Amino acid sequence: MINKQTSNLSRRRFFQTAVGAGAALVAAPTLIPGRALGKDGAAAPSNRIALAGIGIRHRGGYVLDCMMKQPDMQFVAISDVRKDSRENVKRKTEAKYGPGVDTYRDFREMLPREDIDAVLIATGDRWHTMASINAAKAGKDIYCEKPCSMTIAESLALADTMRRYGRIYQAGTQRRSIDNFIFAKNLCRDGKLGKLTAVHANTLHPATSHDWLPEQPEPPRDVVDWDLWLGPTPWRPFNQRYVDGGWRGHYDFHGGGILEWGAHTVDLCNWAGTDDKETPVLYEPTPSGCNTTYKNGMKLIMRKSGWLGLGTCSVRYEGSDGWVETGDSGRLEFSSGKLRAEQRKCAEVGTSAISHVRNFFDSIKTRKPTHSNAEVVARSHVICHAAYIAWQLGRPLKFDPDKVEFIGDDEANRMRSRALRDPWRV
Amino acid sequence: MRTTRRFLTAISLAIILAPAVALAQGNAKEIMAKPAAELIEILKNPNSTTFEKAKACQRLAIVGTKDAIPALVALLPDEKLNVYARTALENIPGPESLAALREATKTLRGRPLVGVIDSIGQLRDAEAIEILVAFIKDKDLNVASTAANALGKIGTPATGMILMRLADQKSQISNCIADACLANAGRLAINGDEPLIIALSFAILCEKEKPKSGEIIFDKTIYPKHIRAAALHGMFRLFGGFGLPGHIREQIHSSDKVFFNVGLTIARELRELKGDKYTELLVGELDKLPAERRALLLLAIADRKDRPALDVIVKESKNESEAVRKAAVYALTQRADADAANVLIDIALGEGAVAVAAKDGLIKIPGKGIDATIVEKYASADGHTKAVLLDLFGDRGITTALPTVRKALDDSEQPVRLAALNAAAKLIDVADLDLLIGRMLASDKSKEETTAARSALDIAVLRMGDRDATAARLAAHIDAAPAEQQSYLFDLLRKVSGKKALKEVVARTKSKDPAQKNSATRVLGEWVNADAGPVLLDIAKNDPEKKYQIRALRGYIRIARQLQIPWWKKSDAPAVKLKMYDEAMAVAQRANEKLLALDILTRIPSTETLNRAVACLDDSALKEKAASTAVRIADKVIGRNPKAVAEAMRKVIDAKPEGKTADQAQQLLERAGG
C-alpha cells in the first residue's frame, strides 16, 4: 500500500509490500467439492485444470471459448452478480462438460472450494484487482481481463499478493502472445532498430465522467446484486445501464482511455522499450494523451491518432536505425526494406487469445511466470495511471519509479489511491 | 477478430457516450471546481444532496487540508458516504486525520466501522495497534478480520508478535490472521530487520511439529494447504533453503500437488548462495520422480541461471517419456550454446513431436558455426532429413544455403519441394520471386504444391525490401494467369501496397476483362491506406456499371471512416474526412451507403458535422441514424458551442426518433441551457 502519511514507497517495498487479508479469508464453511473434476464424479486426470469463472459476459465469454478449446481444462463453477449471466455460462459450459457446473451469486462462497485450481475473472474493471487478490488468497491461479487495476496502489497490491501467495497470474493482455507484436518487440530487443528513441502507444481519449446516472429502482438481489456489483467502489444509486456495460467512462468504474488501451499498448511499449525493467520519469499531458520520458531519454508517447492504419491497438517503435509499426491487423510497416526482410513468417492476423490462454495453462503446471504476469503488468499499469493523473491535472509531472511517487506534487500523489468501500480490502 | 473489433468498438462508443446520459445527478465538474472552503460548506449544509457531498469529498481528497476533517468525520456513519469521506481522510496529510479515524472507531459500528479500520490499516497507523487488537475479538467477523488485516499492514515487530500469538489459536478468522502474519513478515522483510520474527511468522503457519521449547505452540491443522504453502514459499524466498536441502526435497516429493508446486516454484527461484549448489541438488532428484513430475522439474531447472550440465540433459533427452524428452529439448534450447545446438540438430532430424520441438528450439540459437553444421548435413541427407534441414535454412535465415534451396525446388520428392518452397519464401530477394510465382501458376503441379507456393508468396511478398519492384513482378504475371490465380495475384498486390502496386491495380479497374476489373475494384475497396480514396471516388462517380459504383463508394466510405492521417499532419484529418463525407453523400444514390457515410461524422465531432447530421433528419430512411449521430456529436461539442447543440437537439426532438435517442437529446438540450 502507498503510505500517504509519509508519501514514500521504496522500490523494495514495490516488490515486497504486504497487503492484508481479503474478505474471502473470513473462515467460510468449506463446501464439499461438488462434481470435482469429471462428468461422472470420478477424479479427473491429475493434469486436468479445474477452472471457475467470476463475472463472465461478452469479453469473458470469448476468453472462456478459447479456454474451452484446451483439452486439459474443465469448467466447474461460475459466480456472477447477475442471474442471467451465471445461468448463461452454466448452460454454455454444461453443454460441453455435462451437468454439474455450480452457480454462485457471491464469489466468496465459491473460492473456498478446494477442487478449483484457477479462476477466469472478467468482471468490470472495478473488480479486477479485488477479485484477483481474493482468489490468490484462496490459493487459486488467475487469468484476469485487463485493465488489472484502478489505481497505482492497486497495481502494487496486486503484484505483492501474487508474489506473497506464489500464484500464477495472467493478465488478459493477449497481444504479448501474438506473433506480430512479438516480432516487433524482438526487433527492439535484438538491436535491429539501433538505439531506441521513442515508443508509441495507441490510446483512447483519457476523459471520464464524475457524474451519476439517474436513480432507478434496484432489482431483487438474486437478479442483480447491486451492492456486490459495486464491490469496493464508492456507492451510487442503481441504474441498469451500468450493469449492461455502460459503466465505462465513469471515473469510479473505469480508468479512462489511456488505461483502456494502454493496458495493451503501453504494456507492449514498455516491454519493447525496456524489457519491462523501467518506468518513465516525466509525464507531459497532451490534449488526448500523454508524452512520457524515461531516464535514458527515450520517449513513450501515448496518442490517439496519426497511425498508419494497421489496426486497433497499434504500437510504433523508433530507433536510430529505423522504425516498425504494427497493430491488430497483424500487418507490419517498416522504415526500410532491410527491416522488412527480417520477417520470416506471416504474422497471425487478429487478436486471438488462444496462445495467451495456453501460456496460462502451461504456467499453472510448470509454475513459470506467464507472459503477462503480475510484476510486468503492475509496472505498465502504474505508467498508465501516472499518465492519466498528469492528464487530469493538466500539467507535467516528475515521477520517482523507485518510490512510486510524484516528485514535488502533493495533489498528484494523493491521486495514487482511493479508499475501498467497506467491507472490501486488499 | 470480428468479435474483438466489435468489442473494441463497443468500448470506444461506451467511453464516448457515457457522459451523454449522465445527467440526473448534478454537474460534478461544477462542484469539483469549487475551492476547498466551499466544498466543506457543501458537506456541512443539511440541504446538500448525497451526490454533492460525494463529489465534494472526492475533490477534498486531492485539495483538502485538516480544516476539512471535522466535516468529513461527520459523514463516516453514513453508509453511502463513508467511503467518500475516507478517501479524503486517507489522503489529507498530517496526524489529524489519523487521530480522527482512531476517534471514530469509538462510536461507529457495522460496515462504517469496517471501512474506518481499513483506512487505519492503509495509513499504517502504529498508534492504533491497541485499538485494532481489541477489535480482533469483535463478534462482527468483518470488523475482526479487517482489524487483523490492518495489523498486518502496519508491519512492525510489535504487530508481528501480536499476530503470531493470535495465529496460534484457531478462530473463525484464522485465515485472515494468517494472511496478516504473512503481510506483516513481508513488510518487515523490506528493511531486512527482525529476521527471527519474520522466520517465526512463516514457521508458525507451515511447521509440521511443535517445537521443543518456546511459548508459541504450532498447530498445522489450523491452516489450509494454500496458506501453509504460501508460508513455506515465503520462508524459502526470504531465507534461501535455510540450510536444509531436506526441506526442498520434501516439497518435490510431496504427494500433494500444492506442495509439489511450491517445490517447483522454489526450484525456479532459489539462487545459489553460500556454497549451496541447488541445481545439483535438484538434478539429483530427477531420477527419483515419476515421468510427469520429472519433466516439470527439468523444465524448472532449465530456467535456472546456473544451467545443468550438458550430459545431464543429454541423458534426459533419451528418457522413454516423451514429456521428459521434450523438457530436455527445452533445457538444451535454454543453454543456447553450440554443444546444445549439435545435440538438438540430431534430435531434430528424427521424427515426432520431440523432433519438431528440437527444430523450433534450434531457431532460437544463433551462430554461424551452427548454420555451417546444418548446411553440411544436407549433402548426405535423405528425403525427410532434407525437408527438416530446408526448414532450418529458412527459419534461421541461412542465406548461404540459397543455391541448395533453389535446387531443391525441383527435387524428385514432393516433401522436399514443399519444404524448399517454404525455405525460399524466407530467403529469396525480389530477383528470385519468379521462382515462386512460376510454381504457383504452373498447371502441372499438385494441389499441395500450388497451395505451398501461395503460402510461400504470402510470406515472401511481405518481406521484400523493394515494394515497387515486387509489385512489378507480380503484375507482370496477371494477364497470363488463370482466373483463380489472377485473383490471388491481385490480393498479393494489395498486401504489397505502395505506389506501383496501386498504379497496377488502378490500371486494371478500366480493364475490358471483367474478371480483372472485378478483382481490381475488389482489392481497391480493401486497400490498406487512404491512397486508394481518389480512384474509388472516381469509379463511384463515373464507372458505367452500377455494381462497381456501389462497391467503390463503399470502399471510399470505409477509408473515410477508418482514415489514418499520418500523425504529423493530424490537424488535416477532420477537414479531409468532412470533405470525403460530403463527396460520398453527393454520390450516394441509396440509403444504405448514406447510412454508412453518417458514421464518418461521429469520428470528427464539430458544429459543422453536427449540422450535417441534423440536415439528414428530414430523410425518413436516415432519420434514426442521423438523430443518434447528432446526439453523439452534440455530447462532444456541447462545451464548445452549447447554442448550436441546443438548436440541433430541438430539431432532433422534433423529428421524434425512437428508443433512447429522444431522451438523450432532451438531456443534452437541458445541459445546453435550452
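**Loops, helices and rings in a predicted model**

Reader: In this predicted model, between which helices of chain B does the loop with Lys170(B) lie, and is Lys170(B) buried or exposed?

Author: Lys170(B) lies in the loop of chain B that runs between helix H11 (157-167) and helix H12 (174-190). Its relative accessible area is 63%, and since a residue counts as exposed over 50%, Lys170(B) is exposed.

Reader: Which residues of H23(B) make the contact with H21(B)?

Author: From H21(B) the contact draws on Ala338(B), Ala341(B), Asn342(B), Ile345(B) and Asp346(B). The residues of this contact divide into five nonpolar, two polar and two charged. On the side of H23(B), the residues are Ile370(B), Thr373(B), Ile374(B) and Lys377(B).

Reader: How many residues apart in sequence are the parts that the pair of Trp212(A) and Trp235(A) ties together?

Author: Trp212(A) and Trp235(A) form an edge-to-face aromatic pair, 5.8 Å centre to centre with 85° between the planes, and both residues are buried. Trp212(A) lies in the loop between strand E7 (196-202) and helix H8 (226-230) of chain A, whereas Trp235(A) lies in the loop between H8 and helix H9 (240-246), so the pair ties together parts whose separation in sequence is 23 residues.

Technical notes:
Residues are numbered from 1 along each chain as its sequence is written. Chains are lettered from A and ligands numbered from 1 in the order in which they are written. This is a predicted model: local features need pLDDT of at least 70, side-chain atom pairs count only at pLDDT 80 or more; totals for chains, interfaces and linings use all residues. Side-chain values use heavy atoms; hydrogens and water are left out. Helices (H or I, at least four residues) and strands (E, at least two) are DSSP runs, numbered from the N terminus. Buried means under 20% relative accessible area, exposed over 50%, partly exposed in between (1.4 Å probe, protein chains only). Contact means heavy atoms within 4.5 Å. Ala, Val, Leu, Ile, Met, Phe, Trp, Tyr, Cys and Pro count as nonpolar, Asp, Glu, Lys and Arg as charged, and the others, Gly among them, as polar. Rings of Phe, Tyr and Trp (its six-membered ring) pair if their centres lie within 6.5 Å; planes under 30 degrees apart count as stacked, over 60 as edge-to-face and the rest as tilted.
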